[in-house]
Amino acid sequence: MVTTIQNDPNSRSLHTNSPLTTLTLVLLLVLASFKANAKLDVSAVTSVETVYQDLKRQNEDTRTLTSVIVEPTLNLGYRSKVFRGLWKGTYTRLQRDTQDITFEQDYGEYSYSALWTPYDDLIAFSAQGTLQYQNTNTSNFLVTDYLNNANDLAKTRSNRFSSTINLDKGNWVRANGTASYSDTASERTDSSNRALDNDSYELNGNVFNGDRMRRVTWSITGAYQSTQQNTDNAGRFKSRNGIGFVDFNLFEQWAVRLTGQHEANQISGRNDTGSLVREYNSVGAGILYRQAENRYIALTMNKSYSDLDEDDDESFAGVEIGWALSSRTQFSAAYGRRFYGEAIKANLNYNTKNVRLALSYNEDVTNTSRLLANPENLGVFVCPATSTSIADCYQPNSLSYTPDVDEQLVQFTSQNLEFDDNIILRKSANFQSGYSFSRFTIAVSSRYSLDDYLDDDRLRRTLSLSSNLAYKIGSYTNLKATINYADIIDQGNVDIGRIESQNWNSSLGLTRELGKQLVADFDVIYLHQQRENISNERPGSNFADRRISASITYTFN
């Protein structure tokens, strides 16, 4: 018996609501037609994979499945003096055989990016977007794919279009700014009854002094974002923030600093409540020590003004550090207060010939759609546009490397997001590192996120660790290994309880080049989950998934 599984007809189609995506792709091809065909790079990759799967779930008999996956991929890249673009489309055909039935499923995905700089660095227009299947069950992070927990995958579309202006030549005043629009949509799944359907508009900019101002240094930075949540009458979510300072130089390396900040978040148009606004402001004064433009420390005493009595008229210390230890090492950090209490932000970048690392820590009021539309990427590896295998990647020798049209910056960890689109305070850390020497390449990564639901009694913490290794055995053979681990705690109300999940996803494999265009892969894969609902004492959903995979990949150039 053969069963073809199709998308839920009750789910909102993502293909009929993406005119901006279509327009972008048409624009890319039209621009390409203006130049010689030599500027257009077209390649295709086809892989055929057979997977033998031994799956054991708690309180169930062991199941044996055999899957055949056929996956053709088309890549289009274009580059000229003022324009570069890349489009990648993948079609996956999956056929699974069990003891009783044969399943067939189709998945189509694409991604694109484009950058147009008609006037050098003065103004730039960019576009990027994806259509892909993403996990919507946070407890199944790392253990959801086409072969396991596939019902948790939601077809998700995200597009972002932006324009940037850079006025950095002024003698007295300089400025830069960005205006962007993004839309995010997803279909419903068995684990997530809510679908995403949001439109966001964002403005941010920075105005600061030019070189002619010797005794006074100043800067004002601001941002505004409005997100219209179109599902379930969820209303509009608006955020705005600004921060500024003025430094009056007293001596060669010392100055008096005056500083101020503003933050406001607003919810309007919801069924369950009227318009809600939470606003927080502060002003302060202190001292600044500056060795150079990228080496300074500022200490201030500040006073808060808030619409909440418990946060109003508070005094607190603020610290800001920006220190370039060398041309290859940059560090910055800030400490102060926001409407929720103490606030920290930090960034570290380090790069040598063989080692490269990046670390960031941020605290933001956001939601799922904003995180999907503009994800953080601290990728320390540059990979071909057609592959994310660490064996095919390298580390650039610059902290600000810009990938070529046929390249991409890759980080080997991802966000753990629940597709409920509630407004959360997310405190997140992201660490990416890599080491390359001779035949050996390794990436070690870690991510941490603490999601505090601002209008619900819920808190979710995710800690994930990842290591990817490649060792070149010979001229045509690579040994590869990956270990991924996630520890997830979801503490909710009485209905949700406290759910704890420990997930593992690891593999060991060999890659052998059989020619310039043909590659064979053999992998042993192990997935494991131990999940418990502690508060409600419900049965867990432990499982172990053992796989053996063999594939052949052919590249058409």
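**Strand pairing**

I began with β15 and strand β16 (residues 329-338), which run antiparallel and are joined by six bridges. I worked on a predicted model, in which local features need pLDDT of at least 70, side-chain atom pairs count only at pLDDT 80 or more, and totals for chains, interfaces and linings use all residues. Residues are numbered from 1 along each chain as its sequence is written, and side-chain values use heavy atoms, with hydrogens and water left out.

I took strands (E, at least two residues) as DSSP runs numbered from the N terminus, and I counted two strands as paired if DSSP finds at least two bridges between them.

I then turned to strand β14 (residues 295-306), which pairs with strand β15 (residues 315-326) in the antiparallel sense over nine bridges. Here Tyr296 faces Gly322 of β15.

**Cysteine link**

I next searched for disulfides, defined as pairs of cysteine sulfur atoms within 2.5 Å. I noted one disulfide by this rule. Cys383 and Cys393 form a disulfide, with an S to S distance of 1.9 Å. Their link is right-handed, with 105 degrees about the S-S bond. Cys383 lies in strand β19 (residues 381-384) and Cys393 in the loop between β19 and β20 (407-410), so the pair ties together parts that are ten residues apart in sequence.

I also checked accessibility: Cys383 and Cys393 are both buried (under 20% relative accessible area, with a 1.4 Å probe and protein chains only).

Terms used
Helix = DSSP H or I, 4+ residues; strand = E, 2+ residues; numbered from the N terminus. Buried < 20%, exposed > 50% of the residue type's maximum accessible area, 1.4 Å probe, protein only.
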